[in-house]
Amino acid sequence: MKKLLSTVACGLVAMSLGQAAFADADDHKLSVDGVAISTDAKPMEGGPLDELISGWRFRSKETQSLQTDDFDNPSFVFVEDGEALFAAVDGSEGKSCSNCHEDVAEFAGLRPTLPRWNEAKGKLYSMEQYINDCRVDRMGADKWKWTGSNMTAMTSLISLQSRGMPISVATDGPVAEAYEQGKEIFYTRVGQLDMACANCHEDNYGAYIRADHLSQGQINGFPTYRLKNAKMNSIHARFKGCMKNIRAEPYKPGSAEFQALELYVASRGNGLSVESPSVRN
Ligand code: HEC
Ligand code: HEC
């Protein structure tokens, strides 16, 4: 851990001295089992970025290639876990997801809109909350932990149904307040390294922190399988990891702060294609 942190710090010192190695995202094209998925998009007018690029384009050729074939993509072991969970009876009501949701394909189109306002609950909702509401209220089963393996298996399976569809979260109306809160968090310097998300993912994407090629910190590929920990990683787990790397006290997965940040970060990628479940290092 120490070593990683000092590596990060050194990389950043180098950046501020203007000595960091920069390299544009490559121009490789992603196609999965022969179906093309766009890895860049034109940003909306007035947005903070003048180009939108998926994190896939910043990864090594070897890592990229794992995502071009679902058979090679290690995420699919977990997607299969999700399929088994979808069919499994659990809880006091003796029900499985598939009793009510006949085909998981009915969730096509859901991932790109999340998080979004839940009118009935009167608050911002992420996919994890929809799933847990069904478990608790409709199945009489226990909640799954936000970043737990059952949850990420299920969010991988549900997100996959929207692969290739453009992200399009709403940022106005009832979610406007959360959007502003998320934006504030994104630009606020925190931690012992006194850095904001924007310092790395907006000002310095393309730079190398040693061997790690900094991306725009987009979430269009989540949940993502990381070679580093050999499992599916949720959006909030990734945010937590980045905050720890700058030696900040991270918010909790599922907290209002991380949900607001999820909404804001998702909106920065409005237009990018859903790539879930992706592979990263
Ligand atoms: C007893 C029936 C029932 C069971 C069992 C059930 N659900 Fe649901 N689910 C619903 C209903 C009803 C809704 C609300 C549909 C709506 O508002 O359009 C819903 C909504 C959802 C949504 C939000 C969909 C959207 O478009 O807003 C997700 C995601 C979801 N369920 C996933 C699951 C998963 C995963 C399981 C199993 C862990 C599960 N559900 C079990 C009935 C059920
Ligand atoms: C010190 C620089 C640094 C800061 C500050 C930082 N990150 Fe990161 N982040 C990284 C690195 C390095 C990676 C891995 C390479 C990449 O995808 O950029 C990463 C990856 C990510 C990813 C995964 C992208 C993908 O395509 O898989 C997300 C999302 C992300 N960061 C969000 C955030 C958020 C939100 C914040 C603020 C809370 C933040 N990061 C702060 C360095 C940073």
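This is a predicted model: local features need pLDDT of at least 70, side-chain atom pairs count only at pLDDT 80 or more; totals for chains, interfaces and linings use all residues.
Residues are numbered from 1 along each chain as its sequence is written, and chains are lettered from A and ligands numbered from 1 in the order in which they are written.

**Exercise 1.** Describe the shell around ligand 1.

Step 1. A residue is near a molecule if its C-beta atom, placed from the backbone, lies within 6 Å of it. There are 15 residues around ligand 1, and C97, C100, Y130, C134 and R138 come nearest.

Step 2. Helices (H or I, at least four residues) and strands (E, at least two) are DSSP runs, numbered from the N terminus. At least two residues of the shell come from each of α4 (97–100), α5 (127–139) and α6 (149–160). The most, six residues, come from α5.

Step 3. Ala, Val, Leu, Ile, Met, Phe, Trp, Tyr, Cys and Pro count as nonpolar, Asp, Glu, Lys and Arg as charged, and the others, Gly among them, as polar. The shell around ligand 1 has ten nonpolar, two polar and three charged residues.

**Exercise 2.** Find the strand order of the open sheet and its edges.

Step 1. Two strands pair if DSSP finds at least two bridges between them. The three strands have the order β10-β9-β11, with mixed pairing.

Step 2. β10 (231–233) and β11 (278–280) each have a single partner strand, so they stand at the edges, and one side of each lacks a neighbour in the sheet.

Step 3. β9 (residues 224–226) runs parallel to β11, and three bridges join them. R226 has R280 as its bridge partner in β11.

**Exercise 3.** How do helices α9 and α10 cross?

Step 1. Axes are lines fitted to C-alpha atoms, for helices over the stretch in contact, and angles run from 0 to 180 degrees between N-to-C directions. The axes of α9 (residues 235–245) and α10 (residues 256–268) come within 10 Å and cross at roughly 100°.

Step 2. That makes α9 roughly perpendicular to α10, a term for angles of 65 to 115 degrees.

Step 3. Residues are in contact if their C-beta atoms, placed from the backbone, lie within 7 Å. I235, H236 and F239 of α9 and F258, L261 and E262 of α10 make the contact.

Methods
Angles under 35 degrees count as roughly parallel, over 145 as roughly antiparallel, 65 to 115 as roughly perpendicular and the rest as oblique. Two residues are in contact if their C-beta atoms, placed from the backbone, lie within 7 Å.
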